[in-house]
Amino acid sequence: MLGLPWDVFSGVEMCGIVGLFLKDQALEPELGAMLGDMLITMTDRGPDSAGIAVYGKQDAAKLTLQSADPAQDFAGLAEALGSKLGKTPALVVRDTHAVLTVPKSDLSEARDHVRELRPNIRIMSRGERIEIYKEVGLPSEVASRFDLASMSGTHGIGHTRMATESAVTTMGAHPFSTGADQCLVHNGSLSNHNQLRRKLRREGMEFETQNDTEVAAAYLSWRMDQGASLGDALEQGLHDLDGFYTFLVGTKDGFGVLRDPIACKPAVLAETDQYVAFGSEYRALVSLPGIEAAKVWEPEPATVYFWSH
């Protein structure tokens, strides 16, 4: 078969997924740099767009915002919000994205005001720890634009995409976030996402794209809003989500991995005393410290794996 990866012949998306969960606090300043190296290694699995979610340490709440015209949309936004909230929030701009920090009690109100004041702004994520950055382009370009190497944190996930299910756009890139401090990246394809999207809309979930991954993310958020744990939501997804997939889910405290019952999409996990790492292929992990002594294995089909602080 000419040495090509199985994904080429499977008729579903060939994407690259990476994740890093740090056990050793001394590595936290290096999270962005390590995650970036892992993602760049996966470039040939999807050169169309790339994105990362980084979980830092913070007592306040924050919104990650994106704009096609950041000079226009971000100018004066903090001051305009300050007049609504009674206190001017902090706004840090990174290229086409910005992180808006507010008191936890003001998060929902701040989100509503952003939509009112700047309707062209897109909200990438919300929560106390998560920041999401994603754009069209190669992983190396995306990492450079947002200065990923300077970012610190406890864990993060990333994705590089070869789009086959929807348009190559910023919003079509992964990760998708549909709940507070929660996001999902996905390698594969869901066959029943249109049906499930209609059902979730009736339950009050909102969608911004036609991407099947957004449906999977919304499904997990919906289940968790009903009281399910992430593990239970993923287990229920095995019955409700049809298709071929590997999911990597980020939460406030950690990340989880799930492969479909057939598990035709490639996946590798590695664990040491310092970290747990995930990659679509082992080569994404080779630059990590101490990888030669790591426990390395292929996650089992239809099995939920989760690590948390």
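**Notebook: cysteines, sheet and confidence**

I looked for disulfides (pairs of cysteine sulfur atoms within 2.5 Å) and recorded 0 in the structure. The sulfur of Cys183 lies 15 Å from the closest cysteine sulfur, in Cys15, which is too far for a bond. I noted Cys183 as buried (under 20% relative accessible area, with a 1.4 Å probe and protein chains only), since its relative accessibility is 1%. Cys264 is likewise in no disulfide, and the nearest cysteine sulfur, that of Cys15, is 12 Å away.

This is a predicted model, in which local features need pLDDT of at least 70 and side-chain atom pairs count only at pLDDT 80 or more, while totals for chains, interfaces and linings use all residues. Residues are numbered from 1 along each chain as its sequence is written, and side-chain values use heavy atoms, without hydrogens and water.

I then examined β2 (residues 49-55) and β8 (residues 155-161), which run antiparallel and are joined by 7 bridges. Within β8, Gly156 stands opposite Val54.

Finally, I checked pLDDT (the predictor's confidence in each residue, from 0 to 100). The protein chain has a mean of 91, and 94% of its residues reach 70 or more. Over residues 1-12 the pLDDT is below 50. Where pLDDT is low, predicted coordinates should not be read in detail.

Technical notes: Two strands pair if DSSP finds at least two bridges between them. Helices (H or I, at least four residues) and strands (E, at least two) are DSSP runs, numbered from the N terminus. Contact means heavy atoms within 4.5 Å. Buried means under 20% relative accessible area, exposed over 50%, partly exposed in between (1.4 Å probe, protein chains only).
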